Amino acid sequence: MDKKELAGFLRRRRELLTPADVGLPTGARRRTPGLRRHEVAQLAGMSPDYYIRLEQARGPQPSPQMLTALSRALRLGIDERDHLFHLAGHHSPPAFAADDHVSPGLLRLLDALTELPAQVVSDLGEVLAQNRMAVALLGEQTAYTGLARSFIYRWFTQSATRALYPGEGHEHQSRVQVADLRAAVALRPRDPQAAKLVGALRAASSEFDDLWERHDVAVRRSDRKRIVHPAVGIVSIDCEVLATARQDQRLLVFTPRPGSDAVGQLELLRVIGHQNLTAPDPSATPPDPIPHSGDQR
């Protein structure tokens, strides 16, 4: 780990960003260029003190997961992301495998969608980034670890996750999730991450195992969802899916139909605040996906 070079790289990348680049309000005039340290820490989901110590070349070695979060927060490209990993003393993620890195362009698009809930999801169901409205509607979905990072895994193993949808829609959601996962796995031949997820699901859920044996395949490109929210009730909303060229990441945008109740419900969500979750303990049962109100990106 090259602490001095890492500190300089982080500081310079931070200074090149503006609040508008990452979807934050500009606020009062700033004395120095770029983002503030606490804003980077907020975007990366780490404590401001920890980030400050990294910029001062006196912090401990960050984990690969923390470096991935910093890469997103600082809007790093692939080469910059790899350089960050090398400075921190880690190997960069394999170039041939799907990973958690979200392109700066996709993140800018996500940040620009300030009026609509939107999130970036991997083909294995892992939520990689959310805007504020997505957190308000669905709760913080990026803090899970291990197999629970996949919404598909939580859907078949966590009853709290199913509380996001009314019971009459559970059978449909199960079929859609499995058919979409089978399409994704086909594009990941001999991928250990995909194989591990499918194996764990087949062992943990007889429902998943039965659906997997049907060999249904259907890539999700759009959907109509009914989402249960504790403050505004059931929100009926359309979900449009925009996939990357590699098909390994998707931008999900939730849009209300003009004149529907969902228009007013989303307006109310913008007023009453945003959902908030702390990162769950990897060894513990993941928390309820619809948390109490707070303020988090």
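Visitor: Does W212 count as buried or exposed?
Guide: This is a predicted model, in which local features need pLDDT of at least 70, side-chain atom pairs count only at pLDDT 80 or more, and totals for chains, interfaces and linings use all residues. Residues are numbered from 1 along each chain as its sequence is written, and side-chain values use heavy atoms, leaving out hydrogens and water. A residue is buried under 20% relative accessible area, exposed over 50% and partly exposed in between (1.4 Å probe, protein chains only). W212 has a relative accessibility of 7% and therefore counts as buried.

Visitor: Which residue lies over the face of W212?
Guide: A charge sits over a ring if NZ of Lys or CZ of Arg is within 6 Å of the ring centre and within 35 degrees of the ring normal. At 3.9 Å from the ring centre of W212, the residue over its face is R182.

Visitor: How many aromatic pairs does a search of the whole structure find, and what kind do W155 and Y165 form?
Guide: Rings of Phe, Tyr and Trp (its six-membered ring) pair if their centres lie within 6.5 Å, with planes under 30 degrees apart counted as stacked, over 60 as edge-to-face and the rest as tilted. The search finds four aromatic pairs. W155 and Y165 are 5.6 Å apart centre to centre, and with 80° between the planes their pair is edge-to-face.

Visitor: Which parts does the pair of W155 and Y165 tie together?
Guide: Helices (H or I, at least four residues) and strands (E, at least two) are DSSP runs, numbered from the N terminus. Y165 lies in the loop between α9 (159-162) and α10 (170-186), and W155 in helix α8 (residues 151-157), so the pair ties together parts ten residues apart in sequence: that loop and helix α8.

Visitor: What kind of aromatic pair do F208 and W212 form?
Guide: Their centres are 5.5 Å apart, and with 20° between the planes the pair is stacked. F208 and W212 are four residues apart, about one turn of the helix, and both lie in helix α12 (residues 206-212). F208 is buried, with a relative accessible area of 0%. The kind of pair is thus stacked.

Visitor: Which ring has the charged end of R154 over it?
Guide: The charged end of R154 is 3.9 Å from the centre of a ring. That ring belongs to Y144.
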